Amino acid sequence: VQLQASGGGLVQAGSSLTLSCTASGRTFRTYGWFRQAPGKDREFVARISWSGSTPNYADSLKGRFTISIDNVENTVYLQMNDLKPDDTAVYYCAASLWGAGTAEGNYGYWGQGTLVTVSS
């Protein structure tokens with residue numbers, strides 16, 4: 001079982017970026033994105049169920065970030081718009097075999113992380 005995250009990079013403030021996370025080995029019930037900025041704890045970004053229903057977002061990111069899922073490709077996406085320097089972080093995808101909320105402890109499988117750097 002593996003989660004492979006990709007799509008990070010260096011972008012300017014105001015730009016958009018889409019991260020991808022492909023799961024191999026099995027299908028999970030819930031997928032999530034978390035991020036960890038330099039010197040800070042890892043925080044919840046967004047989550048979505050395998051069916052694509054009930055996406056949830058961190059309050060501070062609503063309206064700028066969109067999580068989606070392609071069940072055929074077993075891939076979860078995080079579209080990030082109007083990026084800000086404060087969005088600079090390592091972004092991790094995570095997955096759970098069961099329904100999971102916003103707490104990272106609910107996710108038993110993690111990808112390796114992809115770095116997003118937003119310059120001002």
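1. Which backbone oxygen lies 2.9 Å from a polar atom of the side chain of Arg64? In this predicted model, that oxygen belongs to Asp82.

2. The setting of Arg64 deserves attention next. Arg64 sits in the loop that runs between β6 (56-57) and β7 (65-70). Its relative accessibility is 13%, so Arg64 counts as buried, the cut-off for that term being under 20% relative accessible area.

3. What does Arg64 touch when its neighbours within four places in sequence are left aside? Its contacts are then Gln79, Met80, Asn81, Asp82, Leu83, Lys84 and Asp87. Asp82, named in this list, is also the residue whose backbone oxygen was described in the opening point.

4. The note now turns to pairs of charged side chains. Side chains of opposite charge can pair when their charged atoms come close. How many salt bridges does a search of the whole structure find? The search finds six, and the points below describe some of them.

5. One of the salt bridges joins the side chains of Glu104 and Arg42, with an N to O distance of 3.0 Å. Glu104 belongs to the loop between β9 (89-96) and β10 (109-110), while Arg42 belongs to strand β5 (residues 42-49); the pair therefore ties together parts that are 62 residues apart in sequence. Glu104 has a relative accessible area of 31% and is partly exposed. Arg42 is partly exposed too, with a value of 26%.

6. Another salt bridge is formed by the side chains of Lys62 and Asp59, at 3.3 Å from N to O. Are these two residues buried or exposed? Lys62, at 51% relative accessibility, counts as exposed. Asp59 is exposed as well, having a relative accessible area of 64%. The cut-off applied to both is over 50%.

7. Asp82 returns here through its side chain, which meets that of Lys84 in a salt bridge (3.3 Å, N to O). Asp82 is partly exposed, with a relative accessible area of 37%, and Lys84, at 36% relative accessibility, also counts as partly exposed.

Terms used:
Residues are numbered from 1 along each chain as its sequence is written. This is a predicted model: local features need pLDDT of at least 70, side-chain atom pairs count only at pLDDT 80 or more; totals for chains, interfaces and linings use all residues. Side-chain values use heavy atoms; hydrogens and water are left out. Helices (H or I, at least four residues) and strands (E, at least two) are DSSP runs, numbered from the N terminus. Buried means under 20% relative accessible area, exposed over 50%, partly exposed in between (1.4 Å probe, protein chains only). A polar contact is a pair of N or O atoms within 3.5 Å; within protein, one must be able to donate a hydrogen and the other to accept it, and residues adjacent in sequence count only if both atoms are side-chain atoms. Contact means heavy atoms within 4.5 Å. A salt bridge is a side-chain nitrogen of Lys or Arg within 4 Å of a carboxyl oxygen of Asp or Glu.
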